[in-house]
Amino acid sequence: MGDTLFTAAGWPRSWVRWVVLGLVLGCGLFVELGAPEIGLMEARNFVAAREIHAGGSWLLPTMNGELRLAKPPLPTWLVAGVMHLTGSTTDLGLLRLPSAIGACLLVVFFWLLARQLTPAHDEGRTAWLAALVLASSLLLLTVGRDGNGWDVYTYCFSTGALAAAVRGLSQARKEWGWFVLGGLLLGLSALSKGPVGLYGLVLPFSIAYAWKGDFAALRKYKWHLLLMFGLGLLVAAAWPAYVYLNHATEAAQVAEAESTSWVNRHVKSVWYYLNFPVFTGLWALAALCALVWPFARRRSQAYVPYAFALVWALVTILLLSLVPEKKERYLLPVMLPMALLVAGLLRYWLETAPQHFKGADVWLLRFWAVVLGLLVLTAPVALLVLQLPSFSVGSLRYWVFATVCVALAVGLWLSAGKHLAAGVVACTTLIVVTATTLLMPAYPEWRRRRDDAGLRRQSSVVAKHRLLRILPVYSLSPMNVKWVWAAGRVVPLVSSASKSLPFRKLPVVMYAAQRGEVAVPKAWLKQLRVVTIDSFNLSHHHADGKWYVNMVMKR
């Protein structure tokens with residue numbers, strides 16, 4: 001059996017690597033994908049996709065009936081495609097599938113890129129480890145499970161473009177195919193989030209590649225690279241050109257608003273991203289060690305281009321830090337070089353006999369093992385303290401989780417000594433698989449553990465009242481896009497300043513911040529009668545307020 005799974009050198013065979021990576025991605029990205037409640041950016045994407053599915057324009061998407069030009073359309077097209085294929089516009093698990101698949105493709109593209117960057121005699125071992133680290137990193141799993149797929153898609157396609165370009169540069173013969181593929185992928189990256197993929201990934205990678213000094217290949221393939229970027233520009237420019245030709249004024253306004261948002265929205269300190277190793281998740285200790293040049297370079301150099309990967313990571317952080325607008329998910333491109341750096345250090349620990357370790361290596365691995373052991377042993381206790389209904393002490397799910405945790409702790413203990421490095425790597429991976437598989441169903445309970453009792457959610461109100469699904473609906477105040485999503489349809493905003501009635505026919509349903517006749521202008525009450533039929537809470541606490549569902553009829 002061992003000969004079937006492992007090579008003579010003790011490494012998993014090629015098909016086993018695919019199975020392990022598939023298991024990590026499958027559990028991390030697809031299990032209970034619909035469990036978390038919808039987020040703000042997800043709602044914007046899903047509302048726009050729903051309106052395409054309902055018969056709206058694919059080339060000129062709308063969000064709640066208004067032109068949606070602030071973001072490139074590819075992520076919205078993909079969700080709308082899922083709606084067309086499945087017929088569902090409400091299943092969050094289905095609607096998040098494109099983002100999860102995009103994260104899987106990102107890992108696969110990175111695996112192919114890492115294979116090109118690591119030595120040929122390595123037989124892809126370090127590249128596989130790097131892909132495994134990326135697949136189980138905290139940020140990739142977080143972003144990949146979010147239906148807000150702009151970051152995932154732009155870096156997925158730009159990583160594929162880099163993999164194709166590096167493969168083309170390494171060919172003995174001048175072949176155009178890889179560069180054509182790279183150009184198409186660059187265009188798709190731009191159609192996902194504009195120039196973000198170029199700035200956040202392609203530019204720092206190119207700077208690191210130039211710093212490496214391999215100018216002979218760049219000169220040899222200069223026309224091929226020019227074709228790649230030219231083709232990418234053509235694909236990227238197709239949609240903006242169409243928008244400009246049809247809505248020049250709106251396009252100019254959106255371009256100005258988006259450019260200024262980079263400097264006046266979500267502005268953070270230039271030091272905001274210095275905690276980036278944390279986003280590798282359980283690999284954070286190895287990530288910190290991999291950044292220490294005197295320690296990591298002589299250990300990793302035989303397995304990865306250490307200086308190149310370090311420059312790639314640091315330049316990426318520098319470029320991202322120069323932009324005033326900062327969010328944690330914007331760190332996704334840093335995870336790629338960090339995964340490569342971590343993989344180089346892991347390869348050294350896995351290949352080196354324990355008796356040849358220096359003192360620092362032994363203590364680092366022991367400390368890592370202790371942290372993991374404490375994590376798996378305290379996790380079942382933490383669940384009891386949280387008192388989540390689905391993980392009560394009498395539930396089968398709790399005891400399955402507790403048993404797995406104890407088994408992981410025992411495995412760590414048994415691996416101490418000759419197989420400590422392998423035990424730490426395996427346990428880290430298995431903890432990610434266990435957490436995403438067994439704990440994800442409890443995520444909604446954990447998020448709502450502090451909710452006030454007796455909350456009324458908009459989705460339940462819409463499901464209860466058939467009139468909300470068949471009568472025209474309006475709003476007297478701007479609605480949060482998450483409420484528009486829960487309404488299940490377009491909710492036009494009507495002006496309360498108008499003296500004439502804005503409704504074509506009655507009765508209608510109106511969402512408002514006030515109840516009954518107080519919600520409408522007094523001038524309308526001569527012709528209208530307003531009755532509140534229900535209300536819903538705006539958040540997780542009663543103190544956050546509520547909105548009312550009013551029926552508007554002829555007097």
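Okay, quick housekeeping. Residues are numbered from 1 along each chain as its sequence is written, and side-chain values use heavy atoms, with hydrogens and water left out. Since this is a predicted model, local features need pLDDT of at least 70 and side-chain atom pairs count only at pLDDT 80 or more, while totals for chains, interfaces and linings use all residues.

Let's start with charges. How many salt bridges does a search of the whole structure find? It turns up 9, where a salt bridge is a side-chain nitrogen of Lys or Arg within 4 Å of a carboxyl oxygen of Asp or Glu. Take Asp122 and Arg347: their closest N and O atoms are 2.3 Å apart. Asp122 sits in the loop between helix H6 (97-117) and helix H7 (125-135), and Arg347 is in helix H18 (residues 335-351), so this pair ties together parts that are 225 residues apart in sequence. By the way, helices (H or I, at least four residues) and strands (E, at least two) are DSSP runs, numbered from the N terminus.

Buried or exposed, then, for Asp122? Asp122 counts as buried, at 5% relative accessibility, and Arg347 is buried too, at 3%. The cut-offs: buried is under 20% relative accessible area, exposed is over 50%, and partly exposed is in between, with a 1.4 Å probe and protein chains only.

Next, Asp151 and Lys193 form a salt bridge with the closest N and O atoms 3.0 Å apart. Asp151 is buried at 1%, and so is Lys193 at 10%.

Then there's Arg456 with Asp534, at 2.8 Å, N to O. Here a loop between helix H22 (443-447) and helix H23 (458-464) holds Arg456, and strand S5 (residues 528-537) holds Asp534, 78 residues away. Arg456 is partly exposed at 32%, whereas Asp534 is buried at 10%. Going back to Asp122 and Arg347 for a second, Glu351 joins them in one network of salt bridges that share partners.

On to the rings. The whole-structure search gives 18 aromatic pairs; rings of Phe, Tyr and Trp (its six-membered ring) pair if their centres lie within 6.5 Å, and planes under 30 degrees apart are stacked, over 60 edge-to-face, the rest tilted. Phe205 and Phe308 are edge-to-face, 5.4 Å centre to centre with 90° between the planes. Phe205 is in helix H11 (residues 196-212) and Phe308 in helix H17 (residues 306-322), 103 residues apart. Phe205 is buried at 3%, and Phe308 is buried at 3%.

Trp176, Val180, Leu184, Trp223, Leu226 and Leu227 make a nonpolar surface patch of about 590 Å². Patch residues have over 30% relative accessible area and no salt bridge; like charges are joined within 9 Å, nonpolar side chains (Val, Leu, Ile, Met, Phe, Trp, Tyr) within 5 Å. Areas come from the Shrake-Rupley method with a 1.4 Å probe, and for residues, only the protein chains shown count as cover. H13 (222-246) gives the largest share, 3 residues. Trp223, in H13, is exposed at 57%.

Last one: helix H21 (residues 420-439) is mostly covered, with 14 of its 20 residues buried.

Definitions and conventions
The expected span of a helix is 1.5 Å times one less than its number of residues.
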